[in-house]
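Trainee: I would like to go through the terms used for this model and ask what each one rests on.
Mentor: Go ahead.

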Amino acid sequence: MTKQTALYDLHVAQGAKMVPFAGYSMPIQYKDGVIKEHEWVRSKAGIFDVSHMGQVMVEGEGAAEFFSYITPSNFLKTPHGRAKYTVLTNEQGGIIDDLIITRVHDTKFFVVINAACKEKDIAWMKKHLTGGLTLTALDDRSLIAVQGQQAQKVVSALLDTDLSSQAYMTFKTASFNGNEVFVSRLGYTGEDGFEISVSNADAPALWSALSDCDEIKPIGLGARDTLRLEMGYPLYGHDINDETSPIDADLGWVVPKQHLGFIGGVRILKEKEDGTATKRIGFKITDKGIAREGAEIYSTEGNKIGIVTSGGFSPTLGEAIGQGYVEAAFAQSGNSIKIRVRKNDLAATVANLPLVAPKTKSMKV
Amino acid sequence: MAEELKYTEEHEWLSVDGDVVSIGITEYAQEALGELVYVELPEVGDRVEKGGDFAVVESVKVASEVYSPVAGEIIEVNSALEDEPNDVKKSIEEGWIVKIKVDDASALDGLMTKKDYTEFLENLDD
């Protein structure tokens, strides 16, 4: 049975086209369509219902050590309120999920995980949980992202709190409707913005209040995808999976130099030394046509060198873009490649990620 | 251009002029696709078989083939669509994708009329 978020009725009332995604009925677009929604986020601010994602709280002595073991990241010295983008790794060094882990306090961590990986991630964390730690799935909470240049102004006013001094990749609490909300300054679009964790009971009122602002439009998953594609952010299950290591996936920066022992460390640290056979790359297509997941990538000599893992159209660039994996020798930015779409071999160029400059600082903290 | 259009179950419209047909996509298909990003056109001189695809219309989310219900030869393509793919949503004069010289004009007689197509759409939404 398809699940619904607490905002389902509002999406339908706002004219959303609903589609199944990760077991939920979610808005793929509203009346304006994907391209206009994308452009609105890049010029004003959009709101996204991301309540299908999982929210988890882990508390107790040893929490920092726990997260330092199940990810390549080091949390022992992470300041209060600091959020990190990282990955859960398996024993083979593959990625179980990419996620945001926030050290709320010494022994209290807030985790946001992908919708499609919720059950898998929670089971994995529970399996490795050390004595004294509790894991609570926050099933009674929704998550609303507000992304764009107007986000700070709108959210500050609505939550009656000054967010101008809140740094990127940090977490704070605020109040809405008399209840606590978590406000994390981060997102999946490359714009300044926030992800607000709010109770399911208060979520509709928050969404409506945001929707009432002139600067805000509701944005669907279609534009969420084109926005993250421009930033070169991977999408789990497509650009990264349990066989790709963070090194293959060009996420080596999540493996800090001063590392502790972590699951999958043997392969990952070896790859960090020696390199990998294939690498995740970005590309821009110079011919007319869109390459989508599964399209084969060829060298200009006609040898198959890789595969597209995500592709689409970039409204900002006016070109088709995407991500894929190619043999390491072909992975340099500027390299000419060909991508097979139906009967045509489209000319394309390997490009460094991000393909469009983000407005946020780097996540590499 | 003929007065009455013909329609297909794949949501193409056809405008018949003797043994030459212009083919475009109906409003139903336009709505479903949303904003178009590319149109992939065939070459003049290409052959198309009955039920075969001759073009692709592409939106952000999906690429859709456009089919011909009759066999024939492509005699003209609407190259303006290469720069302005959303012109397919305009009038018949601007929104046609290709013109086909059909092998057998009598094959056009069996196609759906506007009335048939409207009924077909009503049954689709069930």
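Trainee: Which residues is Ala291(A) in contact with, leaving aside its neighbours within four places in sequence?
Mentor: Ala291(A) contacts Phe283(A), Ile285(A), Val308(A), Gly311(A), Gly312(A), Ile339(A) and Val341(A).

Trainee: How confident is the predictor about chain B?
Mentor: The pLDDT of chain B averages 92, and 96% of the residues score at least 70. For the model, ipTM is 0.81 and pTM is 0.92. Where pLDDT is low, the predicted coordinates should not be read in detail.

Trainee: What makes Gly275(A) partly exposed?
Mentor: Its relative accessibility is 38%. Buried requires under 20% and exposed requires over 50%, so Gly275(A) counts as partly exposed. Gly275(A) sits in the loop that connects helix H8 (265-274) with strand S14 (278-285) of chain A. Its C-alpha atom is separated by 37 Å from that of Gln166(A), 109 residues apart along the chain.

Trainee: Why are the buried residues of H4(A) said to line one face of the helix?
Mentor: First, the residues: in helix H4 (residues 118-128) of chain A, Lys118(A), Asp121(A), Ile122(A), Trp124(A), Met125(A) and His128(A) are buried. Seen down the axis of H4(A), these fall within an arc of 160°, so they line one face. Glu119(A), Lys126(A) and Lys127(A), on the other side of H4(A), are exposed.

Trainee: What makes helix H2 of chain A mostly covered?
Mentor: Seven of the 10 residues of H2 (residues 34-43) are buried. In H2(A) these are Val34(A), Ile35(A), Glu37(A), His38(A), Trp40(A), Val41(A) and Arg42(A).

Trainee: Why do S5 and S8 of chain A count as edge strands?
Mentor: Take the strand order: the open sheet of five strands runs S5-S6-S7-S4-S8 (chain A), with antiparallel pairing. Strand S5 (82-89) and strand S8 (134-137) each have a single partner strand, so one side of each is left without a neighbour in the sheet. On average, neighbouring strands of this sheet are turned by 25° against each other, direction ignored.

Trainee: How do you know that S6 and S7 of chain A pair?
Mentor: At least two bridges are needed for a pair. Strand S6 (residues 95-105) and strand S7 (residues 108-113) of chain A have five, in the antiparallel sense, so they meet the criterion. Val111(A) in S7(A) is the bridge partner of Ile101(A). Helix H3 (residues 63-70) of chain A lies across strand S4 (54-59), S5, S6 and S7, at about 35° to S7(A).

Trainee: What makes the set with S14 and S19 of chain A a barrel?
Mentor: Its six strands close, in the order S14-S17-S16-S15-S18-S19 (chain A), and the pairing is antiparallel. From one strand to the next, the twist averages 40°.

Trainee: How many bridges join S16 to S17 of chain A?
Mentor: Eight bridges join strand S16 (residues 304-314) to strand S17 (residues 319-327), and the two run antiparallel. Ile321(A) in S17(A) has Gly312(A) opposite. Helix H7 (residues 221-231) of chain A lies across S16 and S17, at about 125° to S16(A).

Technical notes. Residues numbered from 1 in each chain as written. Chains lettered and ligands numbered in written order. Predicted model: local features only at pLDDT ≥ 70, side-chain atom pairs only at ≥ 80, totals over all residues. Heavy atoms only, no water. Contact = heavy atoms within 4.5 Å. Buried < 20%, exposed > 50% of the residue type's maximum accessible area, 1.4 Å probe, protein only. Helix = DSSP H or I, 4+ residues; strand = E, 2+ residues; numbered from the N terminus. Arc of directions from axis to C-beta. pLDDT = per-residue confidence, 0-100. Axes fitted to C-alpha atoms, helices over the stretch in contact; angles between N-to-C directions.
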